[in-house]
Amino acid sequence: MATAVPSAASRIAVVTGASSGIGAATARRLGAAGYRVVLTARRKDRIEALAEEINEGGGQATAYALDVTDRAAVDEFATAFRTIGVLVNNAGGALGADPVATGDPADWRTMYETNVIGTLNVTQALLPALTASGDGTVVVVSSTAGHGTYEGGAGYVAAKHGAHVLAETLRLEIVGTPVRVIEIAPGMVKTDEFALTRFGGDAEKAASVYEGVAEPLTAEDVADTIGWAVTRPSHVNVDLLVLRPRAQASNTKVHREL
């Protein structure tokens, strides 16, 4: 099946959480596929540097500093667009690995605000422009955590279950409109920041997540999957795509060569 070339009306792609990891890799991938990429994240310096990289490589990219949990800022951002073709809701993340009995409610709240409310804010704000394009795609980057539980992960698991349900429900509610809803659910992905942020900067704990795993997924693996799903012909909707490294059979079953 051929890769679809974005039309003039639908060739703008907004990527949230584009300052690092999966978001940055996805921005590069969509830029290479011919989209004009709008990079959003809180770290302005990071996205400006990435936009410059994409532009120097022959693509088209613009950086826009944005906190997806700030609804007023999101609404202001959305006024810049009459039409867009793709929204990749990637902003999110995990904090802590404590059991339910001792988990920090502030961490739970932050994860829910970022992974769910942030996705809601941007999707609501840009849905009219996605619809106006006549060929829109909403991507929700969830996680295998949104499809199965594991000990010590309840806060993140709850947030990603929320993101999964948001995507699934939106698909039901807008069927018949020219907008697809795609959920990409990665398993173990090794990036520079995800585990380090989760464990409050503890490099040893972060490294232990991937210890003995020969080849966890990379940000580029996930970005390639997102790019493939987005560039399917308009009538093809990849409802849900779960990807894991070969060494991972489930959230709790990982082969480690120790």
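The following legends describe close-up views of a predicted model.

Local features require pLDDT of at least 70 and side-chain atom pairs pLDDT 80 or more, whereas totals for chains, interfaces and linings use all residues. Residues are numbered from 1 along each chain as its sequence is written, and side-chain values use heavy atoms, with hydrogens and water left out.

View 1. The whole structure holds one cavity of 30 Å³ or more (a set of points on a 1 Å grid over the protein atoms alone where a 1.4 Å probe fits but cannot get out; lining residues have an atom within 4 Å of a point). Two or more lining residues come from each of α4 (105-132) and α5 (154-173) (helices being DSSP runs of H or I, at least four residues, and strands runs of E, at least two).

**View 2. Helix α5 and its surroundings.** The 20 residues of α5 reach 28 Å from first to last C-alpha, close to the 28 Å expected at 1.5 Å a residue (1.5 Å times one less than the number of residues). Buried residues of α5 include Y156, K160, H164 and R171 (under 20% relative accessible area, 1.4 Å probe, protein chains only). Among the elements covering the buried residues are α4, β5 (136-141), β6 (179-186) and α6 (194-198) (contact: heavy atoms within 4.5 Å).

**View 3. R232 in its loop.** R232 lies between α8 (219-230) and β7 (240-243). Its relative accessibility is 5%, so R232 counts as buried. The C-alpha atoms of R232 and L95 are 34 Å apart.

Note on methods
1 Å grid on protein atoms, 1.4 Å probe; cavity = no way out; pocket = protein on both sides within 12 Å on 5 of 7 lines; lining within 4 Å. Points joined across faces, edges and corners; volume = space filled by probe spheres on them. Buried < 20%, exposed > 50% of the residue type's maximum accessible area, 1.4 Å probe, protein only.
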